[in-house]
Amino acid sequence: MEQDDPAEALTELRERRLGALELLQVAAGSSVAAYAVWALLLQPGFRRVPLRLQVPYVGASARQVQNVLWLLRGRPGKTVDLGSGDGRIVLAAHRCGLCPAVGYELNPWLVGLARLHAWRAGCASNVQYRREDLWKVSLRDCHNVSVFLAPSVLPMLETKLQAELPKGARVVSGRFPLPTWKPVAVVGEGLDRVWAYDICSDGPAREAASSPGTPTQAPVHPGPPCSQAGYQT
Ligand SMILES: C[S@@+](CC[C@H](N)C(=O)[O-])C[C@H]1O[C@@H](n2cnc3c(N)ncnc32)[C@H](O)[C@@H]1O
């Protein structure tokens, strides 16, 4: 397109530059907003945790929560969720009679949200949400452990669980299996799948090298383990 009038051409050029500048401002604004959300909502509590151990928050699905509770149903002893997020697994565990039920979570916003959910459910005095680093918590008195963490941290978690859990403890891992332990039960499908592992007198059973997390039997599809287990996501 030809431009005969220099004044018009100059105006058009100015408008174009303004457009580019605006685009740049929008991009910069979005980056600052994204950083603010990350720094204020997601990052708090994680400053002292090495980057390779940082796991982002993703809530368990309602079916995943059901599967966790199915595998822990009727078990005595302390139940903990390591990285408890908004507290849904701990609250559902309490509602199914698992007592005491404790969540460990580093992000203070999520700890606050979990306490709010418990308070709204009338269970504030029955569940505990502690703002603690799961890597520093002692698991020596825990008999039921729920985890839903990133695959990258699970090898290190296996080491901690094996070193600290008492004989007879059960670990349930949502969405991702522990890399070298052999599950005693598997329930659910796809993203809702949960694996259970028992600590025997000589530790957890180990997988054959090539097939971590392979069910020893076909996964089962449980009904709700108790009438109170449901959690709306
Ligand atoms: C995938 S989410 C699972 C949340 C919850 N367990 C659930 O199933 O809905 C993992 C959670 O672990 C928390 N987390 C990650 N590293 C942690 C650590 N070192 N100590 C405590 N919590 C941690 C994250 O903040 C996040 O809320």
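**Figure 1. Helix 2 within the predicted model.** Helix 2 (residues 62–72) is largely enclosed by the rest of the structure, because ten of its eleven residues are buried. Here a residue is buried if 20 or more other C-beta atoms lie within 10 Å of its own, exposed if 12 or fewer, and partly exposed in between, with C-beta atoms placed from the backbone. Helices (H or I, at least four residues) and strands (E, at least two) are DSSP runs, numbered from the N terminus. The buried residues of helix 2 include R63, Q64, W70 and L72, and the buried residues of this helix pack against strand 1, helix 3, strand 4, strand 5 (170–174), strand 6 (185–187) and strand 7 (194–200). Just after helix 2, G74 takes a positive phi of about 70°. This is a predicted model, in which local features need pLDDT of at least 70 and side-chain atom pairs count only at pLDDT 80 or more, while totals for chains, interfaces and linings use all residues. Residues are numbered from 1 along each chain as its sequence is written.

Figure 2. Strand 1 (residues 78–82) and strand 2 run parallel and are joined by four bridges, two strands being counted as a pair if DSSP finds at least two bridges between them. Within this pairing, L82 stands opposite Y104 of strand 2. Strand 2 also pairs with strand 3 (residues 127–130) in the parallel sense, over four bridges, and A101 has V127 of strand 3 as its bridge partner. Both faces of strand 2 (residues 101–104) are covered, since A101 and G103 on one side and V102 and Y104 on the other are all buried. A right-handed β-α-β unit is made by strand 1, helix 3 (residues 88–95) and strand 2, and another right-handed β-α-β unit by strand 2, helix 4 (residues 108–120) and strand 3. A crossover is right-handed if, with the strands pointing away from the viewer, the path from the first strand over the helix to the second runs clockwise.

**Figure 3. The cis peptide bond at P100.** In the loop between helix 3 and strand 2 lies P100, which is joined to C99 by a cis peptide bond with omega of about -5°. Most residues other than glycine have a negative phi, and most peptide bonds are trans.

**Figure 4. Strand 5 and its two partners.** Five of the five residues of strand 5 are buried, and the strand is mostly covered; R170, V172 and G174 lie on one side, with V171 and S173 on the other. Strand 4 and strand 5 run parallel and are joined by four bridges, with V145 opposite V171 of strand 5. From strand 4 the chain crosses through helix 5 (residues 154–164) to strand 5, and this β-α-β crossover is right-handed. Strand 7 runs antiparallel to strand 5, the two being joined by five bridges, and V172 stands opposite A196 of strand 7.

**Figure 5. R175, in the loop between strand 5 and strand 6.** R175 lies in this loop and has a positive phi of about 70° although it is not a glycine. The residue R175 counts as buried because 20 other C-beta atoms lie within 10 Å.

Figure 6. C142 is placed in strand 4 (residues 142–147) and counts as buried because it has 21 C-beta neighbours inside 10 Å. Not counting residues up to four places away in sequence, C142 touches K78, V80, L165 and A169, a contact meaning that two C-beta atoms, placed from the backbone, lie within 7 Å. G77 is 65 residues from C142 along the chain, and their C-alpha atoms are separated by 6.9 Å. G203, in strand 8 (residues 203–204), is partly exposed, with 14 other C-beta atoms within 10 Å.

**Figure 7. Residues around the ligand.** Of the 22 residues around the ligand, Y57, A60, G83, G85 and L134 come nearest, where a residue is near a molecule if its C-beta atom, placed from the backbone, lies within 6 Å of it.

**Figure 8. Model confidence.** The protein chain averages a pLDDT of 86, and 80% of the residues score at least 70; pLDDT is the predictor's confidence in each residue, from 0 to 100. Over residues 229–233 pLDDT stays under 50. Where pLDDT is low, the predicted coordinates should not be read in detail.
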